[in-house]
Amino acid sequence: MAGGGFTTGSSDVVFEARITAAVVISCIMAATGGLMFGYDVGISGGVTSMPSFLQKFFPDVYKRTQEHTVLESNYCKYDNQKLQLFTSSLYLAALVASMIASPVTRKLGRKQTMLLAGILFIVGTVLSASAGKLILLIFGRILLGCGVGFANQAVPVFLSEIAPTRIRGALNIMFQLNITIGIFIANLVNWFTSKIKGGYGWRVSLAGAIIPAVMLTMGSLIVDDTPNSLIERGFEEKGKAVLRKIRGVENIEPEFEDILRASKVANEVKSPFKDLVKSHNRPPLIIAICMQVFQQCTGINAIMFYAPVLFSTLGFHNDASLYSSVITGGVNVLCTLVSVYFVDKAGRRVLLLEACVQMFVSQVVIGIVLGAKLQDHSDSLSKGYAMLVVVMVCTFVASFAWSWGPLGWLIPSETFPLETRSAGQSVTVFTNMLFTFLIAQAFLSLLCLFKFGIFLFFSAWVFVMGVFTVFLIPETKNIPIEDMAETVWKQHWFWRRFMH
C-alpha cells in the first residue's frame, strides 16, 4: 500500500512514508495494552454484581442486595467503600506507577516499558483470580494497576511516534479501540460466567485477563522500539534502520533529521518535569490535564464500571443487567471505529464538538426520566422507560467512543515536544488515573446522594467541555509530531502568547 508524503506548514519538508506491514503489526501488538486496560475496566463491574463474589468478599453488600426492604433506597444498595476500593485500587496504583513510568520510558525506551507492563499484568491476574482473602484480591488489583500505569504511559507515545503522520490519528486510536474491545469482551465473559454453578464464575472472569496480558508481553518482545526513542537514547544508526523499515521508503533523511534535531534538544533537558512547567510547554500541558479531567467527568467510566450495577439499580434483573452492559460495550467498540475512519479526515475538533452536544442531550434525558419515573423504593422502572434509559446510555457511549475516549489519549501523545513527551504523557496518565480513581471510589456514593441528579451533574461538565473545545483545543490533524510548536501553538490565538 503506497502512502504519499505531505508538506508541513512550518518547514515545507515532505516526509515520505508507506503504510508498511512493520507499522501495522507493531501498532496491533502495542495496542493490546489497551485490550488489557479495557478488560480490567469492564470485568470489575460485572464481578461486583455476582452474588457469589459479594457473598465471599463483601457479605454486608450481599445481604443488602438480597433484602428487598422498603427502607433501602434503589440508589444506595451498592454503596460500600470496600466494594468501591476493589474497583478503584487498580487506578490508584496506576496513578502512582505512571510517575515512575516516565523516567523508565525515557531511559529504557517504549518497548521495554510495555514489556514490564505485560509482566505486571500476568502476575496481577494470577493473584486476583486465585485470591481467597480480600487483601490478596486487592493486592492483585494493585499489581494490575501498576501494569496499567506503565502501559498507558508507553503505548500511546509508541503509537504516535511509529505511525506515518497522515494516519497517526487512526493508528493511535487503536489503543482506545482495544480498550473498548476489552470492555466488550469482559462484559461477554461476565454474562457467561454469571451462569456458572458452583460460585466460581468470578474467578473465571478475573482469570480471563491472562490472555491480553500474555499478548502484550509477547508483542513487546517482537516489536522494534520507535526511531524517536532509539535516537534520543543515542542509537542513531539503529533508529535510522528502524525508520527505514517502518516507512518502507529510501528517502527518510528529512524525517530522520527532524527527529535528530528534536532528540538533541531533548538530551539538553536534564529534568523533563521541570521543563514541563516552562512557558512554551504550558499549552500542551494544560490541554492534556484538562482533557483527562473532562474525559472522566463525562461520567463514562461511572457507566462502564458499574453498568451491571446501574442497570440492576434501575430494576433490571442480574442477567438482563449484564446483557444491557454487553449492548453498551458493543456500541462502544463500533463507534470507536467511526473515530478511526474520521479522525484524520474530519479532524479532532469536529468529533469533540459534535460529541459534546450528543452527550449533553443524552445525560439530561436520562436524568429527567429517572427523576420523574424511578422512585427511591419502587421495585423497578417500567419497561418502556427502562428501554429509553438503555437507548440514551448507548447514545451517550456512542458519542464518547468516537470523540473524548480516543482523542483524550491521542491529542496529549502527539502535542508534546520530544524532550518532555515522556513527562507529559506521565502527567496525562497520572491525571487520568487520579480522576478515574476519584470517580470509581465515589460514584456509588454519589449515586446514593444525588440519585438521578448524578446525570445532570455530569451533563454540566459536558457543557463546560464544549466551551473549552471551541476556544482552546487546536486542530492537530496532519501536523508532523515534531513540528507542533511552530505549526500549531505559535499560530493559535490564545496559546501563542506562551511560545516565546
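Mentor: What follows starts with R348 and then widens to the chain. This is a predicted model, so local features need pLDDT of at least 70 and side-chain atom pairs count only at pLDDT 80 or more, while totals for chains, interfaces and linings use all residues. Residues are numbered from 1 along each chain as its sequence is written, and side-chain values use heavy atoms, with hydrogens and water left out.

R348 is part of helix α18, which covers residues 348–373; helices are DSSP runs of H or I with at least four residues, strands are runs of E with at least two, and both are numbered from the N terminus. R348 counts as buried because its relative accessibility is 0%, where buried means under 20% relative accessible area with a 1.4 Å probe and protein chains only. Apart from neighbours within four places in sequence, R348 is in contact (heavy atoms within 4.5 Å) with R168, G169, V343, L407, L410, I411, E414, E475, T476 and K477.

V389, in helix α19 (residues 383–401), is buried too, at a relative accessible area of 2%.

Of its 500 residues, 61% are buried. Among contacts between residues at least 6 apart in sequence, 82% join residues at least 24 apart. The whole structure has zero disulfides, a disulfide being a pair of cysteine sulfur atoms within 2.5 Å. C27 is buried at 0% relative accessibility, and C297 is buried at 6%.

Note on methods:
Buried means under 20% relative accessible area, exposed over 50%, partly exposed in between (1.4 Å probe, protein chains only).
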